[in-house]
Amino acid sequence: MTRLRLVAILTALALILSAAPLPAQDARVEAAKKEGKVVWYTSLALTSAEKVAKLFEAAYPGIKVEVHRTGSERILQRVMQELQANLKIADVVHTSDAGHYVLLKEKKLLAKYTPAGVDGFPAAFKDKDGYHYGLRATVNVIAYNSKIISAADAPRRGRICSTRSGRASSSRRTRGTAASSATHVLALVQLHGWDYFKQLAQNKPMLVQSAVDPSGIVASGERPVAVDGGDYTFYQVKKKGNPVEIVFPKEGVPLVVSPSAITSFAPHPNAAKLFTDFIFSRELQQVLADSEGLYTGHPDVKYPADRPKLSELKLLRVEPEELEKRNEEIKTRFVEFFGA
């Protein structure tokens, strides 16, 4: 996105959000300003998260966004550890594991709140009870370094399990599997069975911490192929001129819907609601699609011409309840095949 384009979006957001606010909205803005900040735990790539924070702070001067960016599994661990220590810090939590929200809702750690504008979102982006909504979605893909591997030899899922000239493929994990990787794993187990991962393990893949990591590893040539990673991260490094090509396997790509929710213990509840409305607005959702290459649930968002639409892909879906139910199985089998 050009600087001019970003300034135009920022200006439009500021005008929209400041134009003749309703009394209730105006009162909430003032209440949020008194709180002074919103604490956001997010698994969104740091550059993307910081961009969202700056746009919000520009639209609502006097309210700071305190960004805490890390992997999804670590976010859940941090929230639970802080609560055990009687620390109530996070206002808004955003991870790439929909199963986390099943657990958090069961433990009554989420506030029921429906942000403006989500009525038209697909069912996969909405909690039926109104506790969390999908901020963005990614599809987990295969990617390769085009300086090392030719288009004719580009990996497909059916071939990726074979040893390729002694080179290891790139994958990742956190305590068995990372959050979006857990969705990826379960989606492919439902499609191919556990034998797929048993064969993949024979390649002795490199395991890294986050869904963001594989794009940089492939772009640098440290590993020529990534068998798992968020498509938007590969899209971003490719747009910067790196030799990265993305493969969307025809047999299907795992769809990872990444929810966002306000915590029931939020120390800045008014700022949390204001921030949640902001990140689900069409304007901000369009920014995520334009500059970050993310998919969203907003029906009015348009996508770059060089990005396939979700409707053009065969999507492998995993129900959040199934993901939470089989979480320990996924971790155990992953460690069995790939080691601790």
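The entries below follow the order in which I looked things up.

Entry 1: I am working from a predicted model.

**Entry 2: largest pocket.** I began with the largest pocket, which has a volume of about 470 Å³. I found 26 residues in its lining, and the closest to its centre are Ala98, Ala124, Val318, Glu319 and Pro320. I then checked which elements give two or more residues to this lining: they are α5 (98-106), β4 (133-139), β10 (253-262) and α13 (320-325). I sorted the lining by class and got 14 nonpolar, 4 polar and 8 charged residues.

**Entry 3: second largest pocket.** I noted a volume of about 370 Å³ for the second largest pocket. Its lining has 17 residues, and Thr47, Gln236, Lys240, Ser291 and Glu292 lie nearest the centre. Two or more lining residues come from each of α3 (46-59), α10 (231-239) and α12 (282-292). Which element gives the largest share of this lining? It is α10, with 5 residues. By class I count 6 nonpolar, 6 polar and 5 charged residues in the lining of the second largest pocket.

**Entry 4: helix α10.** That share sent me to α10 itself. I see a mostly covered helix, with 7 of its 9 residues buried. The buried ones are Asp231, Tyr232, Thr233, Phe234, Tyr235, Gln236 and Val237. Just after α10, Gly241 takes a positive phi of about 95 degrees.

**Entry 5: aromatic rings.** I found 12 aromatic pairs in the structure. I picked out Trp194 and Phe197, whose ring centres are 6.0 Å apart. Is this pair stacked, edge-to-face or tilted? The planes stand at 55 degrees, so I call the pair tilted; edge-to-face would need over 60. Both Trp194 and Phe197 are buried. I also logged one aromatic cluster, formed by Trp40, Phe56, Tyr60, Phe275 and Phe278.

**Entry 6: Asp195.** Next I checked Asp195, which belongs to helix α8 (residues 195-201). Is Asp195 buried or exposed? I read 51% relative accessibility, so Asp195 counts as exposed; the cut-off is over 50%. I also looked at Asp195 and Phe337, which are 142 residues apart in sequence. In space they are 10.0 Å apart, C-alpha to C-alpha.

**Entry 7: helix α4.** I took α4 (residues 72-84) as a length check. Its 13 residues reach 19 Å from first C-alpha to last, close to the 18 Å expected. Within α4 I list Ser72, Glu73, Ile75, Leu76, Val79 and Glu82 as buried.

Entry 8: Most residues other than glycine have a negative phi. I place Asn86 in the loop between α4 and β3 (92-94). Asn86 is exposed, with a relative accessible area of 59%. Lys108 has a positive phi of about 60 degrees although it is not a glycine. I place Lys108 in the loop between α5 and β4. At 67% relative accessibility, I count Lys108 as exposed too.

Technical notes: Residues are numbered from 1 along each chain as its sequence is written. This is a predicted model: local features need pLDDT of at least 70, side-chain atom pairs count only at pLDDT 80 or more; totals for chains, interfaces and linings use all residues. Side-chain values use heavy atoms; hydrogens and water are left out. On a 1 Å grid over the protein atoms alone, a cavity is a set of points where a 1.4 Å probe fits but cannot get out, and a pocket is an open set with protein on both sides within 12 Å along at least five of seven lines; lining residues have an atom within 4 Å of a point. Grid points are joined across faces, edges and corners, and a volume is the space filled by probe spheres set on the points. Helices (H or I, at least four residues) and strands (E, at least two) are DSSP runs, numbered from the N terminus. Ala, Val, Leu, Ile, Met, Phe, Trp, Tyr, Cys and Pro count as nonpolar, Asp, Glu, Lys and Arg as charged, and the others, Gly among them, as polar. The expected span of a helix is 1.5 Å times one less than its number of residues. Buried means under 20% relative accessible area, exposed over 50%, partly exposed in between (1.4 Å probe, protein chains only). Rings of Phe, Tyr and Trp (its six-membered ring) pair if their centres lie within 6.5 Å; planes under 30 degrees apart count as stacked, over 60 as edge-to-face and the rest as tilted.
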